[in-house]
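Hi,

Here is the structure I promised to pass on. Have a look at it first, and then read on for what turned up.

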Amino acid sequence: MMYAFEYSDDNKRYHSYNYYLKKRFGKKVYKVPLNIDLGCPNRDGTKGIGGCAFCSARMSGNFAGDPRRSIEEQYSQVRTIMEKKWADALCIPYFQAGSNTYADIGVLREMFSAALELDNAVGLSIATRADCIDREKAEMLGALAKRTYLTVELGLQTIFDSTAIAMNRCHTYNDLLEAYELLRAEDVNVCIHLINGLPGETPDMMRRSAYTIGQLDIHAVKLHLLHVLKGTSLADMYERGDLRTLERDEYIGIICDQLELIPPKVIIERLTGDGDRSELIAPLWSRDKRRVLNGIDMEMVRRNAYQGDKI
């Protein structure tokens, strides 16, 4: 069967991660989240204290493994659960929690090399902050990329430094560009994270962030909604009435706008986020992930739109 969108073999009108992985590896591939507890320079005083306003105490690793366990143990634990759904699938060890290049390069090399030896592992995904990438680390990651399918995820969240300051990011758009250039010089795949609904940002600003990063030579993008989680400074803002979260239909419309501004070749790894139910304060509609994703599909059909239509 032929489909109208080049990068789809189903009803999706965007370049889904699932489609890309199946085309590349010939079967189902899923990520296995890991936690190696490297911390973050925005928590220990190197760049800031307390972390980003939206970040949980587990540094965005709420679904990652227990850092007290070895990489092998964490990996095995998740696979035992996932194999009940996908018995013959392949895996990508995903260094998720915290800033996973925030350590001595020897430690990093040992950790990443160990992950490559895990059973059924066909790649690596490494999440980090752009200001935790220097030339030496980029060269190490470049060598790793020659051995496996590697993606380095850079948490940008917004191109607007005014928003980043308000969210205590201690991180600028220029930091992102510098890390991006170092990684691309080593032929490392880059995935950029954006968050929709950050305080003070308009839909036009969110669209501009998506368009701007789409003009870079990136491999993939993750689009998230802003979650208000217990124990964060964002939760304090919300409880004071200083923050309004996006409504579901509003979010769906913004996502579809962004998809139309991102080149078709760019892989869409995420279109919504998973907030830990035990910590999630708002928006509560985000718990129904399937409904959100179905709403995005329906809106793209209603518009007769495809990824990249408006660039």
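A word on terms before we start: a residue is called buried when its relative accessible area is under 20%. By that cut-off, phenylalanine 95 and phenylalanine 112 are both buried. Please keep in mind that this is a predicted model.

**The core.** The largest nonpolar core has 68 residues, and those that touch the most other members are Phe95, Phe112, Leu141, Leu183, Ile218 and Ile296. Another core, of 14 residues, lies apart from it and includes Phe54, Met167, Ala235 and Leu243. Leaving out residues up to four places away in sequence, phenylalanine 95 touches, among others, Leu34, Ile36, Ile71, Phe112, Leu124 and Ile126.

**Aromatic rings.** There are 7 aromatic pairs in the structure. In one of them, the ring centres of phenylalanine 95 and phenylalanine 112 are 5.0 Å apart with the planes at 75°, so this pair is edge-to-face. It joins distant parts of the chain, since phenylalanine 95 sits in strand β2 (residues 90-95) and phenylalanine 112 in helix α3 (residues 105-116), 17 residues apart. Elsewhere, ring pairs link Phe5, Tyr7 and Tyr306 into a cluster.

**A helix pair.** Helix α7 (residues 203-214) packs with helix α9 (residues 248-259) at an angle of about 35°, and their axes are 9 Å apart. The crossing of α7 past α9 is right-handed. On the α7 side the contact is made by Pro203, Met206, Arg207 and Ala210, and on the α9 side by Ile254, Asp257 and Gln258. Of these contact residues, 4 are nonpolar, 1 is polar and 2 are charged.

Best wishes

Definitions and conventions. Residues numbered from 1 in each chain as written. Predicted model: local features only at pLDDT ≥ 70, side-chain atom pairs only at ≥ 80, totals over all residues. Heavy atoms only, no water. Axes fitted to C-alpha atoms, helices over the stretch in contact; angles between N-to-C directions. Helix = DSSP H or I, 4+ residues; strand = E, 2+ residues; numbered from the N terminus. Left-handed = near helix turned anticlockwise from the far one by under 90°. Contact = heavy atoms within 4.5 Å. Nonpolar A, V, L, I, M, F, W, Y, C, P; charged D, E, K, R; others polar. Core = buried A, V, L, I, M, F, W, Y, C linked by side-chain atoms within 4.5 Å. Buried < 20%, exposed > 50% of the residue type's maximum accessible area, 1.4 Å probe, protein only. Phe/Tyr/Trp six-rings, centres within 6.5 Å; stacked < 30°, edge-to-face > 60°.
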